[in-house]
Amino acid sequence: MRILLFLSALGLSAMLAGCADKGKANGSETAGMEPVENVKASDFAGVYKGTIPAADCPGINVSLSIGRDGKFERTEEYIGKDTFLIEGIYTIGGNVITTVSNTVVDTVHYKVENGALRMLDSDRKEVTGILADDYLLKLIEKG
């Protein structure tokens, strides 16, 4: 069920506008964020954090650790609810990182930007609209 809610948050972002009113101007957080082309692990290894929208709570605090060894670890704290740890491996294709869990059915795509990873929908497209900036995980510790 958690995965379905997560995918719903990515695929149905326009319907979730009421859950994520944080008073941000559209595009304000991504000024200066440029995509990085043909990345390698040393370009983006580190720890990224952000809060993404959720269908049934105020948001999901995400901490994503990307290692240089091809492994990742993601903690998802559903605010006011449960916390989940997801581990697995990742692949790189152009400027997109795809994480695949070793333990649950969970595949997430991220576009590498300078100092951030942008979560993509299940079709590897950027979420658009009022919630677009809410899918940005910012680098907090270089790996």
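Me: In which sense do strand 7 and strand 8 pair?
Reply: This is a predicted model. Strand 7 covers residues 116-119, and one of its residues, Arg 118, stands opposite Leu 136 in strand 8. Three bridges join the two strands, and the sense of the pairing is antiparallel.

Me: Over how many bridges do strand 1 and strand 8 pair?
Reply: Strand 1 spans residues 46-52 and strand 8 spans residues 136-142. Tyr 48 has Leu 139 in strand 8 as its bridge partner. The two strands run antiparallel, and the number of bridges is four.

Me: Is Lys 111 buried or exposed?
Reply: Lys 111 sits in strand 6, residues 107-113. Its side chain makes a polar contact of 2.2 Å with that of Glu 126. Buried means under 20% relative accessible area. Lys 111 has 14% relative accessibility, so it counts as buried.

Me: Which residues are linked with Lys 111 in a network of salt bridges?
Reply: The structure holds seven salt bridges. The network that includes Lys 111 also takes in Glu 113, Arg 118 and Glu 126.

Me: How many residues apart in sequence are the parts tied together by Asp 56 and Lys 81?
Reply: The side chains of Asp 56 and Lys 81 form a salt bridge at 3.4 Å, N to O. Asp 56 is in the loop between strand 1 and strand 2, and Lys 81 is in the loop between strand 3 and strand 4, so the parts tied together are 25 residues apart.

Me: What is the relative accessible area of Arg 74?
Reply: Arg 74 meets Glu 76 in a salt bridge of 2.9 Å and Asp 106 in a salt bridge of 2.2 Å. Both Arg 74 and Asp 106 are buried. For Arg 74 the relative accessible area is 0%.

Conventions. Residues are numbered from 1 along each chain as its sequence is written. This is a predicted model: local features need pLDDT of at least 70, side-chain atom pairs count only at pLDDT 80 or more; totals for chains, interfaces and linings use all residues. Side-chain values use heavy atoms; hydrogens and water are left out. Buried means under 20% relative accessible area, exposed over 50%, partly exposed in between (1.4 Å probe, protein chains only). A polar contact is a pair of N or O atoms within 3.5 Å; within protein, one must be able to donate a hydrogen and the other to accept it, and residues adjacent in sequence count only if both atoms are side-chain atoms. Two strands pair if DSSP finds at least two bridges between them. A salt bridge is a side-chain nitrogen of Lys or Arg within 4 Å of a carboxyl oxygen of Asp or Glu.
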